Amino acid sequence: MNDKQHTIKAPVTVRGIGLHTGVEATMTFCPAPIGHGYKFQRVDLPGQPVVDADVDNVVDLSRGTTIEQNGARVNTVEHTLAALVGLQLDNVLIQLSGPEPPIMDGSAAEFIHALQSVGLEEQNALRNYYEIPDTIRYVDNARGVEIAALPLSDYRLTVMVDYNSPVLGSQHATLADIGQFANEIASSRTFCFLHELEHLYKSNLIKGGDLSNAIVVVDRVVADEELNDLAKMLGKPRVSVKKEGILNNVDLRYKNEPARHKLLDLVGDLALVGRPLKGQILAARPGHAANVAFAKKIKKKMLEDRSNPIPAYDPTREPVMDVNRIMQVLPHRYPFLLLDKVIHLDSQMVTAVKNVTMNEQFFQGHFPGNPVMPGVLQVEAMAQTGGILVMNTVPDPENYWQYFLGIENCRFRKKVIPGDTIIFHCWLLAPVKRGIAKMKGQAFVNGKVVMDAEMSAAIVRKENT
């Protein structure tokens, strides 16, 4: 899986009609900055409102997954989001000229092809993975649905579907490597049963679907008169069943194409958690309602863990900022530059590393024979970490000074000694206003909190000082 965040190199557009609304729409994928995430923008509405791809914005699950925010609604987002996740893209703005992304051929393949045609671009920030810490489970006994997420240092999904149908029996699909999504899963098309088709049509839930973008599974013998009625309903000259199983001679791309498409939907719905996932997902009989309920459970756990974060540090991974890049942002120099590298940086949080050695000049007097890193210098190192976060909010940090304004609720919980590696983790408590930032910070050694505090800082343009 990618270490760094990615966006696309240039905008790319697809066009078509929405499956459930039947409205023609143009959808443009646009590059976006670090930490942007996935956002839809309804460019056809006054003010061009933006809708975050967030599970908290889900408002309807009648057939697909619909999100709404700022007075704007976007229907059937799951195929679009699945394509972005499948290519390990992190930051994309999706501009949409209608209420629903085009259904294309009923899969995510054409979105994948469009995105690949403009190329992917690596960004200088590590991906903000959420690693499943322990088993998270969703169960709906009434529908026989069970979905579980287990810890894994990768992203793998397995789906089982069973519709008690003589044609579409029990099927399984597995994606062992998210990098294989484009080849193994993306081209699997949406499907429904014949007995569902008329109900969906009467409920105005399948206006844009025709037999080239949705598989219709026929699980009973159909009379010629009913086929004629179906042709009228779908606006086709005629429809037929080549063999008992699939309507209108549509051939399956895979024997287990329905199960693969359910996996595709699951990937797209879980994108609404808001961060790339690491874990093993096992799903029995998933659907949009269950997927979204499960995504909410993951997000709840994610937010709980975030309130007491223990940043992961892999010294073999390339940092976001090495010491030379840090010195381009911070004015501090020896002996007061107290950070060695930055391993994560986005619009809301930063994580930096300090390797403590016996060669630190302050150990000469603090204390001889019992070296302990002074608490005030731990605070200073955390303030420098927060300074990098605040400097990241302006496009030209080299033209600003940063000043430490205040500290509250500071606690030193364990001593820091030579040989320790301190991980400093700071995040904004509120948006930066008029150059003033309020942050919370924690320092970790070996996964244990050694110091925490709330800090205030200001950034001022150099010509104003």
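**Cores and overall build**

Author: The largest nonpolar core holds 68 residues, and Phe29 and Phe181 have the most contacts inside it. The model is predicted, so local features need pLDDT of at least 70 and side-chain atom pairs count only at pLDDT 80 or more, while totals for chains, interfaces and linings use all residues. Residues are numbered from 1 along each chain as its sequence is written, and side-chain values use heavy atoms, leaving out hydrogens and water.

Reader: What makes a set of residues a nonpolar core?

Author: The term denotes buried Ala, Val, Leu, Ile, Met, Phe, Trp, Tyr and Cys residues joined through side-chain atoms within 4.5 Å.

Reader: Which residues does Phe181 touch, apart from those up to four places away in sequence?

Author: With contact meaning heavy atoms within 4.5 Å, Phe181 touches Ala82, Ala83, Gly86, Ile112, Leu175, Ala186, Leu264 and Val267. A second, separate core has 47 residues, among them Ile343, Ala381, Val390 and Met391.

Reader: How is the chain divided into domains?

Author: The domain assignment, which is automatic or taken from a database, gives domain 1 (4–186 + 258–306), domain 2 (191–252) and domain 3 (323–461). The centres of domain 1 and domain 2, taken over C-alpha atoms, are 27 Å apart.

Reader: How many helices and strands are there?

Author: The chain has 9 helices and 26 strands; these are DSSP runs numbered from the N terminus, with helices (H or I) of at least four residues and strands (E) of at least two. Along the principal axes, the C-alpha atoms fill a box of roughly 95 × 45 × 35 Å.

**The binding-site residues**

Reader: Where does UniProt place the feature "binding site"?

Author: The unreviewed UniProt entry places this feature at His79, His261 and Asp265. Such annotations may be inferred rather than shown by experiment; feature names are shortened, and positions follow the numbering used here. Although these residues are spread over 187 residues of sequence, they cluster in space, the largest C-alpha distance being 9.5 Å.

Reader: Why is His261 called buried?

Author: Buried means under 20% relative accessible area, exposed means over 50%, and partly exposed lies in between (1.4 Å probe, protein chains only). The relative accessible area of His261 is 1%, therefore His261 is buried. His261 is found in helix H6 (residues 257–270), and beyond its neighbours up to four places away it touches His79, Gly106, Ser188, Arg189 and Thr190.

Reader: What makes the pairing of the His261 and His79 side chains a polar contact?

Author: A polar contact is a pair of N or O atoms within 3.5 Å; within protein, one must be able to donate a hydrogen and the other to accept it, and residues adjacent in sequence count only if both atoms are side-chain atoms. The side chains of His261 and His79 are joined at 3.2 Å. Another polar contact, of 3.3 Å, joins the side chains of Asp265 and His79.

Reader: How do you know whether Asp265 is buried or exposed?

Author: Asp265 has a relative accessible area of 6%, so it counts as buried. Asp265 also has its place in helix H6. Leaving aside neighbours within four places in sequence, Asp265 is in contact with Glu78, His79, His288 and Asn291.

**The active-site residues**

Reader: Which residues carry the feature "active site"?

Author: The unreviewed UniProt entry places it at His288 and His366. They span 79 residues in sequence and the farthest two C-alpha atoms are 59.7 Å apart, so they do not all gather at one spot.

Reader: Why is His288 called buried?

Author: His288 has 12% relative accessibility and therefore counts as buried. His288 lies in helix H7 (residues 288–306), and its side chain makes a polar contact of 3.4 Å with the side chain of Glu78. Apart from residues up to four places away, His288 touches Leu61, Arg63, Gly64, Thr65, Glu78, Asp265 and Asp269.

Reader: What makes His366 partly exposed?

Author: The relative accessible area of His366 is 23%, so His366 is classed as partly exposed. His366 is found in the loop between strand E22 (349–355) and helix H9 (375–391). Its contacts, not counting residues up to four places away in sequence, are Pro371, Val372, Met373 and Pro374.

Reader: How much of the chain counts as buried?

Author: Of the 465 residues of the chain, 54% count as buried.
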